[in-house]
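Please look at the sequence and the structure first.

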Amino acid sequence: SGFKCRVNVNRLKEYDKWVAKYSVFKPSYMNTYGMWQNSNKGKINGISGNVDTDVAYINYSTIMKKKHLNGF
């Protein structure tokens, strides 16, 4: 994985991680992460082509709204 091979994860402890593993099985190479990108071949009505699909374990939209980020 990119985290395991290229990043000193210990220096990122205070940050949420967004990991990608295209599988039905959750990633095991990170102890904690806030979001898991589980596919790049998802389908959404009205969008042509593939889309990424993710599972969020943290309610980022609530955090963004509370802090008035990203136009909220």
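The model is predicted. In the protein there are 2 helices and 3 strands, and from the N terminus on the elements run α-β-β-β-α. The radius of gyration is 14 Å, well over the 11 Å that the globule rule gives for 72 residues, so the protein is more spread out than a compact globule. Along the principal axes, the C-alpha atoms fill a box of roughly 40 × 35 × 20 Å.

Of the 72 residues, 18% are buried. The protein exposes about 6,000 Å², and 52% of this area is supplied by carbon and sulfur atoms. Among the contacts with a separation of 6 or more, 13% are accounted for by residues 24 or more positions apart. The protein has 12 positive and 4 negative charges, whose mean positions are 4 Å apart.

A search of the whole structure finds 1 aromatic pair. The ring centres of Tyr 33 and Tyr 57 are 5.8 Å apart and the planes stand at 75°, so the pair is edge-to-face, given that angles over 60 degrees count as such. Tyr 33 belongs to the loop between strand S1 (18-20) and strand S2 (35-42), and Tyr 57 to the loop between strand S3 (51-56) and helix H2 (60-66), so the pair ties together parts that are 24 residues apart in sequence. The table gives the accessibility of both residues.

| Residue | Relative accessible area | Class |
|---|---|---|
| Tyr 33 | 16% | buried |
| Tyr 57 | 38% | partly exposed |

Technical notes:
Residues are numbered from 1 along each chain as its sequence is written. This is a predicted model: local features need pLDDT of at least 70, side-chain atom pairs count only at pLDDT 80 or more; totals for chains, interfaces and linings use all residues. Side-chain values use heavy atoms; hydrogens and water are left out. Helices (H or I, at least four residues) and strands (E, at least two) are DSSP runs, numbered from the N terminus. The radius of gyration is taken over C-alpha atoms; the globule rule is 2.2 Å times the number of residues to the power 0.38. Buried means under 20% relative accessible area, exposed over 50%, partly exposed in between (1.4 Å probe, protein chains only). Contact means heavy atoms within 4.5 Å. Accessible areas come from the Shrake-Rupley method with a 1.4 Å probe; for residues, only the protein chains shown count as cover. Lys and Arg count as positive and Asp and Glu as negative; His and the chain ends are not counted. The place of a charge is taken as NZ of Lys, CZ of Arg, CG of Asp or CD of Glu. Rings of Phe, Tyr and Trp (its six-membered ring) pair if their centres lie within 6.5 Å; planes under 30 degrees apart count as stacked, over 60 as edge-to-face and the rest as tilted.
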